[in-house]
Amino acid sequence: MAEGRGSSLVHLLVIVLSLIAFGFSIAAERRRSTGTLHDDTVTNRTYCVYTSDVATGYGVGAFLFLLSGEALLMGVTKCMCFGRPLSPGSNRAWTIIYFVSSWLTFLVAEACVIAGAKQNAYHTKYRDMLLAENFSCETLRKGVFVAGAVFIVANMILNVYFYMYFTKATTQPAHKTNRTSSNIGMAGYA
């Protein structure tokens, strides 16, 4: 392992898990369920018939793969709270910035894919109305899974930079000042 680069295996696993989550999110967007109105002439009811519900499974898969990638990185870095302290300097500052940004994009991406999966699984049941002109089948709005996919890619990039700066901040030695005496120097004004 080179100085300050981190483990290549951790980089690879985080990227692969994020790309799998990205693929599931895109697949979920392409396979969203759609509904069509049908009239039941016997019972005089209007109901919706939906296509396949596979997008919900893809959305949950994206959620789980992204969660496992984030858990792996936080486990390796000990969530930046435990383990070796970070050396003061710009690497520590960038580590903290990427850590916070990574968590924000992670939470938004997870919210998008799990909300999309939940909303995709929601189906309108029968309507007992004689006049059903305003009746529509509830479907997931376009772009929810795409938004999740965009945030998954952003999270992947931020995670790679977070881990890179984290390893730099933990492997570089702390700068110590060399003082000849521990006294406070007092000088008179002339």
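Reader: Why does Lys-78 count as partly exposed?

Author: First, a caution: this is a predicted model. Lys-78 has a relative accessibility of 46%. Buried means under 20%, and exposed means over 50%. The value lies in between, so Lys-78 is partly exposed.

Reader: Where does Lys-78 lie?

Author: Lys-78 belongs to the loop between helix 2 and helix 3. Its place is just after helix 2.

Reader: What makes the phi of Lys-78 worth a remark?

Author: Its phi is near 55°, a positive value, and the residue is not a glycine. Most residues other than glycine have a negative phi.

Reader: How many helices and strands does the protein have?

Author: There are four helices and two strands. Read from the N terminus, the order is α-β-β-α-α-α.

Reader: What about the span of helix 2?

Author: Helix 2 covers residues 54-76, which is 23 residues. From first C-alpha to last, helix 2 reaches 33 Å, close to the expected 33 Å.

Reader: Which residues of helix 2 are buried?

Author: Among them are Ala-55, Gly-59, Gly-61, Leu-66, Gly-69 and Met-74. The buried residues of helix 2 pack against helix 1 (8-30), helix 3 (90-121) and helix 4 (144-171).

Reader: And what covers the buried residues of helix 1?

Author: The cover includes helix 2, helix 3 and helix 4. The buried residues of helix 1 include Val-10, His-11, Val-14, Leu-17 and Glu-29.

Reader: Why is Leu-72 called partly exposed?

Author: Leu-72 lies in helix 2. Its relative accessibility is 27%. That is between the 20% and 50% cut-offs, so Leu-72 counts as partly exposed.

Reader: What does Leu-72 touch?

Author: Leaving aside residues up to four places away in sequence, Leu-72 touches Leu-13 and Val-14. Leu-72 and Val-10 are 62 residues apart in sequence, yet their C-alpha atoms are 8.0 Å apart in space.

Reader: Why does Leu-9 count as exposed?

Author: Leu-9 lies in helix 1. Its relative accessibility is 54%. Exposed means over 50%, so Leu-9 passes the cut-off.

Reader: Which residues form the nonpolar patch on the surface?

Author: Leu-9, Leu-12, Leu-13, Val-16 and Ile-20 form it. Together these five have about 410 Å² of accessible area.

Reader: What makes the pairing of Glu-29 and Arg-32 a salt bridge?

Author: Their side chains meet at 3.3 Å, N to O. The cut-off is 4 Å, so the pair qualifies. Both residues are buried. A search of the whole structure finds one salt bridge.

Reader: Why is Tyr-165 called buried?

Author: Tyr-165 is found in helix 4. Its relative accessibility is 17%. Buried means under 20%, so Tyr-165 counts as buried.

Reader: Which residues does Tyr-165 touch?

Author: Not counting residues up to four places away in sequence, they are Asn-91, Trp-94, Thr-95 and Tyr-98. Ser-90 is 75 residues from Tyr-165 in sequence, with the two C-alpha atoms 9.2 Å apart.

Reader: Why does Asn-91 count as buried?

Author: Asn-91 sits in helix 3. Its relative accessible area is 15%. That is under 20%, so Asn-91 is buried.

Reader: Where does the UniProt annotation place "transmembrane region"?

Author: The unreviewed UniProt entry gives residues 9-28, 55-76, 96-117 and 144-166. In the model, the span 9-28 is 100% helix, with end C-alpha atoms 28 Å apart. The span 144-166 is also 100% helix, and its ends lie 32 Å apart.

Reader: What share of the whole protein counts as buried?

Author: Of its 190 residues, 33% count as buried. The accessible surface comes to about 11,900 Å², and 63% of that belongs to carbon and sulfur atoms.

Methods: Residues numbered from 1 in each chain as written. Predicted model: local features only at pLDDT ≥ 70, side-chain atom pairs only at ≥ 80, totals over all residues. Heavy atoms only, no water. Expected span 1.5 Å × (residues − 1). Buried < 20%, exposed > 50% of the residue type's maximum accessible area, 1.4 Å probe, protein only. Contact = heavy atoms within 4.5 Å. UniProt positions renumbered as here; feature names shortened; annotations may be inferred. Patch = residues over 30% accessible without salt bridge, like charges linked within 9 Å, V, L, I, M, F, W, Y side chains within 5 Å. Areas by Shrake-Rupley, 256 points an atom, 1.4 Å probe, with all protein chains shown as cover.
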